[in-house]
Amino acid sequence: MAKNITNKKLAVLTSGGDASGMNACVRTVVRYGLNHGFEVYGVKHGYSGLVNDEVIRMDYGSVSNSVHAGGTLLKTSRCPEFKEKEVMLKAVNNLLNRDIGNLIVIGGDGSFRGVEDMHENTELNVIGVPGTIDNDMGYTDYTIGFDTACNTVIDAILKLRDTITSHDRIMILEVMGRDSGNIALNSAVAGGAEYVIVPEAPADVDEIAKSVKRGFDKGKTSTIILLAEGKNYLKDELIQKVAAATNRRVNHMALGYMQRGGIPTMSDRVLAARMAQRAVDLIECGQSGRVVGVRGGDIYDTTVLEALRIPKEFDEGLYKLAMVISK
Ligand code: F6P
């Protein structure tokens, strides 16, 4: 939807959990934006920085040497207060007082709620770009940071396999994803984990324990169970039952924040650049309240409301395949 103000001042911020590729996205917003005649600004520390007026001018050099860097050079924050209307209005006024009429927000679904609030209640033109390792947003096939996070998990599987094979052990590797099993499922398939437990599908711990035992009886020398954080409450029961069934040591490790950082993959960098380009194009057309996504390899945009409404579909087919090929 177009609003009354169309100006050539554009701000960008990163919000929520950092995700590798956010810098590649900011870099394209800055350079493509400058190339299209915008004055470009960065807001430090996400929505908190918007509230506290942490706005800096950006030029080509501000994003030098950043395409390969993990984290976010603009820094980020979680800012629950942004849900309060007065806080949000104060934050937006900080931009409007500088005559900045456009904002691109790179973040996950919590950040997109802020996009909708700003779009609905202020004159600012606001566009969202999905940046989160969780890949838990239904309107887009991929979010920036997901591919890098999965590759980190796959690398961990490879290394842990050395140790557990040497000791004939079982490893429960817990991975992030909040309520989504996407990181766990994709990493299990790509990394060759024997079992994957995700919030989207039921898990029978007794059956898993028996199955792990059958595997060792048939000559297996190691087993990796990928446990999505949304099913973390099964951890103790799993350790106890698998150890009892196999009479082997079961290790547990949460990979944690290792998954958030690190050098972004080619795939995340290119996705970030393409999405940033569309976001600037939308701003240039005076659009607001829209978010950028990717479907079947094509970049597209939709309303933020629609994006927040569409639930992430669980890939049942991939899950069934994982069950077949992993044992
Ligand atoms: O949304 C990304 C994510 O890493 C989730 O996978 C995880 O549940 C959460 O953020 C952790 O959040 P925080 O950085 O606030 O501990």
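## Salt bridges and helix packing in a predicted model

Both glutamate 194 and arginine 161 are buried, meaning under 20% relative accessible area, where exposed is over 50% and partly exposed is in between (1.4 Å probe, protein chains only). This is a predicted model, in which local features need pLDDT of at least 70, side-chain atom pairs count only at pLDDT 80 or more, and totals for chains, interfaces and linings use all residues. Residues are numbered from 1 along each chain as its sequence is written, and side-chain values use heavy atoms, with hydrogens and water left out.

### Salt bridges

A salt bridge here is a side-chain nitrogen of Lys or Arg within 4 Å of a carboxyl oxygen of Asp or Glu. By this rule the count is 16. Side chains of opposite charge can pair when their charged atoms come close.

| Pair | N to O distance |
|---|---|
| Glutamate 194 and arginine 161 | 2.9 Å |
| Aspartate 155 and lysine 159 | 3.0 Å |
| Arginine 290 and aspartate 301 | 2.7 Å |

Helices (H or I, at least four residues) and strands (E, at least two) are DSSP runs, numbered from the N terminus.

The side chains of glutamate 194 and arginine 161 meet in a salt bridge. Glutamate 194 sits in the loop between α6 and β7, and arginine 161 in helix α5, so the pair ties together parts that are 33 residues apart in sequence.

Arginine 290 forms a salt bridge with aspartate 301. The pair links distant parts of the chain, with arginine 290 in strand β10 (residues 290–295) and aspartate 301 in strand β11 (residues 298–303), 11 residues apart. Arginine 290 and aspartate 301 are both buried. Through shared partners, salt bridges also join Arg161, Glu194 and Lys220 into one network.

Aspartate 155 and lysine 159 both belong to helix α5, four residues apart, about one turn of the helix. An α-helix has 3.6 residues a turn, so residues three or four places apart point the same way. Aspartate 155 is partly exposed, at a relative accessible area of 35%. Lysine 159 is exposed, at 52%.

In helix α6 (residues 182–191), Asn182, Ile183, Ala184, Leu185, Ser187 and Ala188 are buried. Their cover includes α5 (146–167), β6 (170–175), β7 (195–197), β8 (223–228) and α11 (316–325). Just after α6, glycine 192 takes a positive phi of about 75°.

Axes are lines fitted to C-alpha atoms, for helices over the stretch in contact, and angles run from 0 to 180 degrees between N-to-C directions. The axes of α5 and α6 come within 9 Å and cross at roughly 50°. That makes α5 oblique to α6. Angles under 35 degrees count as roughly parallel, over 145 as roughly antiparallel, 65 to 115 as roughly perpendicular and the rest as oblique.

Contact means heavy atoms within 4.5 Å. On the α5 side, Phe146, Ala149, Cys150, Val153, Ile154 and Ile157 meet Asn182, Ile183, Asn186, Ser187, Ala190 and Gly191 of α6. The contact residues divide into eight nonpolar, four polar and no charged. Ala, Val, Leu, Ile, Met, Phe, Trp, Tyr, Cys and Pro count as nonpolar, Asp, Glu, Lys and Arg as charged, and the others, Gly among them, as polar.

Aspartate 134 lies in the loop between β5 (125–130) and α5. Aspartate 134 is buried, with a relative accessible area of 8%. Not counting residues up to four places away in sequence, aspartate 134 touches Phe146, Gly177, Arg178, Ser180, Asn182 and Ile183.

### Helices α1 and α9

The axes of α1 (residues 22–35) and α9 (residues 266–284) come within 8 Å and cross at roughly 40°. The two helices are therefore oblique to each other. α1 passes α9 in a right-handed crossing. Ala24, Cys25, Thr28, Val29, Tyr32 and Gly33 in α1 meet Arg269, Ala272, Ala273, Ala276, Gln277, Val280 and Asp281 in α9. This contact has eight nonpolar, three polar and two charged residues.

### Two further buried residues

Serine 211 is placed in helix α7 (residues 205–217). At 14% relative accessibility, serine 211 counts as buried. Methionine 118 lies in helix α4 (residues 109–121), and counts as buried at 0% relative accessibility. The C-alpha atoms of methionine 118 and serine 288 are separated by 9.5 Å, although the residues are 170 apart along the chain.

Conventions. Left-handed = near helix turned anticlockwise from the far one by under 90°.
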